[in-house]
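A short report follows the structure.

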Amino acid sequence: MREVIESLVSQALRSAVDGGRLALTEIPEPAVERPRDPSHGDWATSVALRSAKAAGMNPRVLAQVLADEIADHPDIDAVEIAGPGFINLRVSAHALQRVLTEAREKGADFGRVDLGKGKRVQVEFVSANPVGPMHVGHGRWAALGDSMARVLTHAGYEVEREFYINDAGVQMDTFAKSVAARYLELCGQQIEFGEDWYRGAYITDIAREILDAEGAGWADADADERESHFKETAYMAVLEHLKHVLHGMGVDFDVWFSERTLHAPAADGGPSEVEAAIASLREAGHIYEKDDATWFASIPFGDDKDRVLKKADGSYTYFAADIAYHKDKFDRGFDRVIDIWGADHHGYVKRMEAAVAALGHPGKLQIVIGQLVNLFRDGEVVRMSKRTGEMVTFEDLLDEVGPDAARYFFLRRSTDQPLDFDIGLAKQQSNENPVYYVQYAHARICSILRKAAGADTADESVDIAATVAEAISSDAPLALLSSEPELSLMRKLAEFSEVVEIAATQLAPFKLTRYAEDLAAAFHQFYTLCRVVDPEEPELTAARLYAVDATRIALAGVLALVGVSAPERM
């Protein structure tokens with residue numbers, strides 16, 4: 001709809017110039033936007049204000065010239081000049097009715113835009129250390145990254161999801177020592193447990209799994225050999241568990257990238273990717289040596305200080321591996337890379353942006369910081385799991401509220417805000433629960449269509465596609481849809497592609513949940529005030545059923561972008 005209105009304003013400008021009523025050498029961009037107050041119309045443009053000086057006209061006079069050009073168009077119901085020269089436009093019922101046809105013709109492609117034009121985007125998210133269970137913050141980032149990938153795809157990008165496995169470094173050695181210690185305890189040995197070792201009950205569970213599968217033979221093995229074996233065994237067990245939990249929320253990755261590969265020599269025996277990345281920066285003049293260490297000159301790229309990549313003892317910093325990893329990303333041909341990090345990585349953003357710019361890709365890395373999640377149960381703070389007496393994990397939460405509620409609640413707030421997640425509310429089957437409210441709107445529509453088609457409402461095998469084909473007339477008289485509840489519903493449907501574009505541009509999936517709730521509210525209001533199936537009004541019934549089905553398609557579409565199911569029965 002935005003494109004339609006912008007085209008009308010552009011045509012009005014061109015027509016006025018060609019007719020000699022407007023003296024402009026260049027046609028300005030129409031730049032229409034939605035007024036904050038709906039009573040001011042559906043769309044507004046300040047083009048008269050912006051063009052008045054160049055045209056040598058009073059802004060309101062110029063606005064009137066354009067209004068006269070637009071007023072008679074069938075897609076426009078009313079034009080109003082406001083304030084110093086704003087033009088407010090109200091879309092006609094005819095134009096809104098056309099949206100219903102578009103929704104039903106496009107189906108799952110309704111709302112799709114070509115913002116990305118096929119550009120390749122990588123979204124890297126979650127990337128939890130493979131040494132234990134994910135916390136609820138990881139769940140929020142999983143929902144955010146996956147929904148972001150979905151909406152970017154709907155906006156015309158080619159998207160790849162990636163999980164970066166932090167499987168190198170001290171934490172992996174500590175993990176191995178922890179599992180080995182619990183294994184030895186299970187074998188009856190007394191072990192002094194290190195202060196910095198992992199102490200969760202899951203460590204004992206892993207050790208017990210190894211003992212059950214392989215026996216007690218490792219108790220007498222060489223300590224280094226035992227820890228090396230346990231590191232790999234436990235690492236793979238945790239990694240598979242991470243994949244299982246994420247899959248349970250509908251999050252699957254295209255690539256699982258191992259940090260270890262960055263440190264390994266190349267297949268031809270050449271330098272590792274970490275060494276190659278530093279060599280690339282050195283060749284570009286961004287590396288220097290100082291105090292027996294290797295430094296990246298990041299200050300010229302906006303960082304607050306230069307960064308060490310290789311320490312005096314010859315070991316590489318985590319930042320060196322991160323630079324190599326991002327070089328690898330862009331070497332794979334991505335036009336844009338999006339990283340979703342936890343709030344504790346906020347101070348790391350500038351140096352990573354500096355490194356990517358130094359590698360020759362300025363402005364192509366976008367880092368989204370995901371704030372933490374505070375758990376509540378009916379208003380009371382929840383910190384510990386009743387089952388384990390330890391931290392409530394992402395898996396615990398998923399088991400209790402289910403994937404739909406988890407995803408939806410994780411996405412209801414902007415990522416730059418901490419999220420208060422009320423477990424009690426997420427489990428409610430009432431209109432107070434936002435995901436239930438939206439899903440119920442979809443289920444109610446399916447029920448209406450089944451009844452209209454004369455289908456057996458108790459038969460769960462009834463296919464919704466067959467029901468729609470039976471209930472909907474393709475030549476329904478949509479011109480009858482002119483009451484305010486009908487117009488409000490159609491206006492909300494017309495916003496779908498606009499919301500997709502905004503959510504994709506701003507990397508803001510919370511715009512989708514807000515739209516889903518607004519659309520559900522518009523439908524519930526329509527359903528309350530307009531009798532959909534009226535035997536005494538067959539033509540109006542046909543038109544309203546058509547509108548109801550278009551709403552079903554839009555609700556299913558926005559829920560799919562959020563990653564939430566659209567149930568046909570509730």
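**Overall build**

This is a predicted model. The protein has 21 helices and 15 strands. Its C-alpha trace spans about 90 × 65 × 45 Å along the principal axes. Of the 570 residues, 51% are buried. Contacts between residues at least 6 apart in sequence were also sorted by separation: 69% of them join residues at least 24 apart.

The charge count is 59 positive and 92 negative side chains. The centres of these two sets lie 4 Å apart.

**Helix α14**

Helix α14 covers residues 403–410. Six of its eight residues are buried, so the helix is largely enclosed by the rest of the structure. The buried residues are A405, A406, R407, Y408, F409 and F410.

**Aromatic pairs**

The structure holds 24 aromatic pairs. Two of them are set out here, with the distance between ring centres and the angle between ring planes.

| Pair | Centre distance | Plane angle | Class |
|---|---|---|---|
| F253 and W256 | 5.2 Å | 65 degrees | edge-to-face |
| F319 and Y348 | 5.8 Å | 85 degrees | edge-to-face |

Why is the pair F253 and W256 edge-to-face? Its planes stand at 65 degrees, and the class requires over 60. The burial of its two residues can be read off as well. F253 has a relative accessible area of 11%, so it is buried. W256 has 24% relative accessibility, so it counts as partly exposed. The cut-off for buried is under 20%.

The pair F319 and Y348 has its planes at 85 degrees, so it is edge-to-face. F319 lies in helix α11 (residues 318–331). Y348 lies in the loop between β11 (336–342) and α12 (349–358). The pair therefore ties together parts that are 29 residues apart in sequence. Both F319 and Y348 are buried. They also belong to one aromatic cluster, formed by F296, F301, F319, W341 and Y348.

**Charges over rings**

Which ring does the charged end of K243 sit over? It is the ring of W256, with the charged end 4.9 Å from the ring centre. W256 is also the partner of F253 in the table above. The charged end of R34 sits over the ring of W43, 4.1 Å from its centre.

Terms used:
Residues are numbered from 1 along each chain as its sequence is written. This is a predicted model: local features need pLDDT of at least 70, side-chain atom pairs count only at pLDDT 80 or more; totals for chains, interfaces and linings use all residues. Side-chain values use heavy atoms; hydrogens and water are left out. Buried means under 20% relative accessible area, exposed over 50%, partly exposed in between (1.4 Å probe, protein chains only). Helices (H or I, at least four residues) and strands (E, at least two) are DSSP runs, numbered from the N terminus. Rings of Phe, Tyr and Trp (its six-membered ring) pair if their centres lie within 6.5 Å; planes under 30 degrees apart count as stacked, over 60 as edge-to-face and the rest as tilted. A charge sits over a ring if NZ of Lys or CZ of Arg is within 6 Å of the ring centre and within 35 degrees of the ring normal. Contact means heavy atoms within 4.5 Å. Lys and Arg count as positive and Asp and Glu as negative; His and the chain ends are not counted. The place of a charge is taken as NZ of Lys, CZ of Arg, CG of Asp or CD of Glu.
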